[in-house]
Amino acid sequence: MDLVDVAALKAQWTGFSFDRSEFEVRQEDTLAFARACGEQDPRFLEPAHPEFQAPPTFPARFVSRQVLPKGFPRIGRGMFDAGKCVFPKAPIRPGETLVAHSRIEDLYEKTGRSGPMIFLVHRMEFENPRQQPVSVVDWRLVLTAGAVR
Amino acid sequence: MILDLHNHSVRSDDGRAKVENYCQWIRKRQLPLDGFVLTEHRQFDTESDYRPLEQRYGLRILKGSEVETDYGHVLLFGVTPELTRALDFGRVDLPLAQVLEQATRCGAVAVPCHPGRSTVGMCAHVRERGSVPGVAIVETHNGGSRGNETQRALALAQELGYAGVGGSDAHIVSHIGRCATRFPRPIQDEADLAQALMEGGFEALSWI
């Protein structure tokens with residue numbers, strides 16, 4: 001298997017913007033999400049509440065049209081999800097349509113029990129129809145590699 | 001003094017615990033810890049100031065690092081600015097011999113961690129390429145060990161005459177306090193921890 005030059009990959013791709021997607025925030029979905037999370041707070045469960053909104057981690061369910069940019073090199077045997085980290089910025093109101101811009105936030109390597117791995121952080125920045133930032137989601141993907149340089 | 005020597009906070013890419021939540025957990029569960037060390041992956045945290053948390057919870061909170069070498073992962077205690085300049089903490093292929101040499105030169109202590117673990121532990125590398133001069137301490141008790149990884153670590157320490165320490169390798173709050181190290185005297189700060197490790201007389205502890 002070819003060696004992967006992570007430093008070069010990082011220099012070339014970090015900060016690269018590659019996707020714009022729109023997501024409708026439907027009330028039935030935020031309610032189902034809140035119940036699935038075991039939420040007790042009426043702000044997430046009662047549509048009549050004056051501060052009714054989606055749970056803070058709700059944007060983690062959205063996936064951009066492109067997971068990786070066109071032209072990004074294929075590395076190893078494939079990739080798998082390593083989790084999402086959500087940074088809430090403002091309430092997300094059901095009924096709104098959010099716009100998410102995607103970019104590669106970071107690329108780094110590490111070694112684990114299974115050997116060398118390359119991690120890619122796909123950052124999605126969500127804004128509401130008033131163009132206010134409402135959430136940032138860092139989605140870590142493991143690009144499995146046989147050898148890292 | 002009992003310190004849990006190996007923990008990760010949200011500053012590590014795979015850490016899910018906030019430092020204050022570790023403190024709250026230790027106090028709420030009345031864990032027998034006097035403090036803990038944050039050993040963030042491939043970095044040394046120069047920004048965080050945990051002194052307010054130390055005072056609020058009556059715990060010693062120290063900073064170290066976990067770096068990646070050609071012999072597996074290694075904890076660094078007593079990290080100095082000089083050491084951060086001498087080693088690229090972000091690399092995953094640091095030569096262990098270089099890490100040991102630079103740590104010693106800068107007054108720090110390098111401790112190979114979870115040596116019984118495949119790929120990222122020292123045992124397998126020692127079997128393949130022999131031992132590395134300069135290792136004096138290994139983490140014999142790691143809170144994330146599986147199967148016979150602890151047995152392999154203990155056997156390595158016994159065979160090569162290494163002292164053993166314990167650390168939880170916690171990434172989530174409830175995992176702190178699984179393993180720790182008892183020191184025969186109080187530890188004041190990071191440099192003092194390195195000094196205490198050089199002095200010896202400590203004991204690895206495990207509650208799993």
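User: In what order do the strands of the open sheet in chain B lie, and what is the pairing?

Analyst: The model is a predicted one. In chain B, seven strands make up an open sheet in the order 5-4-3-2-1-8-9, with mixed pairing. The twist from one strand to the next averages 30°.

User: What makes strand 5 and strand 9 of chain B edge strands?

Analyst: Each of them, strand 5 (109-112) and strand 9 (203-206), pairs on one side only.

User: Which strands of chain B does helix 4 touch?

Analyst: Helix 4 (residues 96-105) packs on the sheet and touches strand 3, strand 4 (72-77) and strand 5 of chain B. Its direction makes about 150° with that of strand 5.

User: Why is chain B called as compact as a globular protein of its length?

Analyst: The globule rule gives 17 Å for 208 residues, and the radius of gyration of chain B is 15 Å, close to that value, so the description holds. Along the principal axes, the C-alpha atoms of chain B fill a box of roughly 45 × 35 × 30 Å.

User: What makes a residue count as buried, and what percentage of chain B is buried?

Analyst: A buried residue has 20 or more other C-beta atoms within 10 Å of its own. Buried residues make up 50% of the 208 residues in chain B.

How values were computed
Residues numbered from 1 in each chain as written. Chains lettered and ligands numbered in written order. Predicted model: local features only at pLDDT ≥ 70, side-chain atom pairs only at ≥ 80, totals over all residues. Pairing = 2+ DSSP bridges. Helix = DSSP H or I, 4+ residues; strand = E, 2+ residues; numbered from the N terminus. Axes fitted to C-alpha atoms, helices over the stretch in contact; angles between N-to-C directions. Contact = placed C-beta atoms within 7 Å. Rg over C-alpha atoms; globule rule 2.2 N^0.38 Å. Buried ≥ 20, exposed ≤ 12 C-beta atoms within 10 Å, placed from the backbone.
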